[in-house]
Amino acid sequence: MRPITNRVLERAFEIPLPSIKRYALLLLGRNPEADQAGGVQRYYRRNEAFMVYLMAVMVKDFRMKLDVAKQHIIKTWRELEEAGILPSQIWEKDAAEVPDIDLWIFNPGLYELRKYIERTEAEPEWITVPRAPGEVETGRRTEEYDYRQFPLNPPQLTGEVYILQLKYYILRFRQGLKTLL
């Protein structure tokens, strides 16, 4: 298997190279192999590369600021490891064996890790609403999950909620790297 570098992450996920370098510097610090010299290629372990990829997802897709995304990743990383959802833990598993986990982020710092036991979606129902420009889709979902909330004493919440479907992102990360490596 080839090593994971900035160029591999750039090609696999179409993240601009300067952004990858910025995220890596924020999350992982300076490259220890580069010392003070520039131009030395940075190599990532799988979990480190996933950390950089997750930062890119939070900034690009969820429109978080860099320091906010960094804070969320650092505060939830240990919980993700305990839940068994990191690349080092699921790399060789089938997609069906990967746990179905969502990370709910309530600003400014309450987290829920929901591990789904069963998640089924019903067929959507279409209803016509008076004075509406069309029909509205409604659907019912049944979900059973275990969840863990941390920290125990949450701060005052502002109302923003981000939901990261980690199973989707971990499988996308794995597939993107396997096509290039």
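**Figure 1. Arg63, a residue with positive phi between helix 3 and helix 4.** In this predicted model, Arg63 is exposed, with a relative accessible area of 68%. Arg63 lies in the loop that runs between helix 3 and helix 4. Its phi is positive, about 55°, although Arg63 is not a glycine.

**Figure 2. Glu14, a residue with positive phi between helix 1 and helix 2.** The loop between helix 1 and helix 2 holds Glu14. Glu14 is not a glycine, yet its phi is positive, about 55°. The relative accessibility of Glu14 is 65%, so the residue counts as exposed because the cut-off is over 50%.

**Figure 3. The whole chain, for orientation.** The chain has six helices and eight strands. Their order along the sequence is β-α-α-β-α-α-α-β-β-β-β-β-β-α. Of the 181 residues in the chain, 39% are buried. Among contacts between residues at least 6 apart in sequence, 67% join residues at least 24 apart.

**Figure 4. The largest nonpolar core, with 46 residues.** Leu9, Leu164 and Phe173 have the most contacts inside this core. Several helices and strands each supply at least two of its residues, including helix 1 (6-13), helix 2 (17-28), helix 3 (46-60) and helix 4 (66-83). Strand 3 (101-106), strand 4 (110-121), strand 8 (161-165) and helix 6 (166-180) are also among them. Helix 3 gives the largest share, eleven residues. In soluble globular proteins, nonpolar side chains tend to be buried together.

**Figure 5. Contacts of Leu164.** Leu164 is one of the residues with the most contacts inside the largest nonpolar core. Neighbours within four places in sequence are left aside here. Leu164 is then in contact with Leu54, Met58, Phe62, Ile101, Asp102, Leu103, Ile105 and Tyr169.

**Figure 6. The aromatic pair of Tyr53 and Phe173.** The structure holds 13 aromatic pairs. In the pair shown, the rings of Tyr53 and Phe173 are 5.5 Å apart, centre to centre. The angle between their planes is 35°, and the pair is tilted. Tyr53 belongs to helix 3 and Phe173 to helix 6, so the pair links parts of the chain that are 120 residues apart. Tyr53 counts as buried at 2% relative accessibility, and Phe173 counts as buried at 0%. Both residues belong to one aromatic cluster, together with Phe13, Phe50, Trp77 and Trp91.

**Figure 7. Helix 4 and its kink.** Helix 4 has 18 residues. From its first C-alpha to its last, helix 4 reaches 25 Å, close to the 26 Å expected at 1.5 Å a residue. A kink of about 45° is centred on Thr76. Thr76 is buried, as are Ala69, His72, Ile73, Trp77, Glu79, Leu80 and Ala83 in this helix. An α-helix has 3.6 residues a turn, so residues three or four places apart point the same way. Trp77, one of the buried residues of helix 4, also belongs to the aromatic cluster of the previous figure. Just after helix 4, Gly84 has a positive phi of about 80°.

Figure 8. Pro108 is placed in the loop between strand 3 and strand 4. Pro151 lies in the loop between strand 7 (141-150) and strand 8.

**Figure 9. Arg114 over the ring of Trp104.** The charged end of Arg114 sits over the Trp104 ring. The distance from this charged end to the ring centre is 3.7 Å.

**Figure 10. Thr5 in strand 1.** Strand 1 covers residues 4-5 and includes Thr5. Thr5 has a relative accessible area of 6% and is therefore buried, as the cut-off is under 20%. With neighbours within four places in sequence left aside, Thr5 is in contact with Gln41, Arg42, Tyr43 and Tyr44.

How values were computed: Residues numbered from 1 in each chain as written. Predicted model: local features only at pLDDT ≥ 70, side-chain atom pairs only at ≥ 80, totals over all residues. Heavy atoms only, no water. Core = buried A, V, L, I, M, F, W, Y, C linked by side-chain atoms within 4.5 Å. Buried < 20%, exposed > 50% of the residue type's maximum accessible area, 1.4 Å probe, protein only. Helix = DSSP H or I, 4+ residues; strand = E, 2+ residues; numbered from the N terminus. Contact = heavy atoms within 4.5 Å. Expected span 1.5 Å × (residues − 1). Bend = angle between axes of the 7 residues up to and from the residue. Phe/Tyr/Trp six-rings, centres within 6.5 Å; stacked < 30°, edge-to-face > 60°. Lys NZ or Arg CZ within 6 Å of the ring centre and 35° of its normal.
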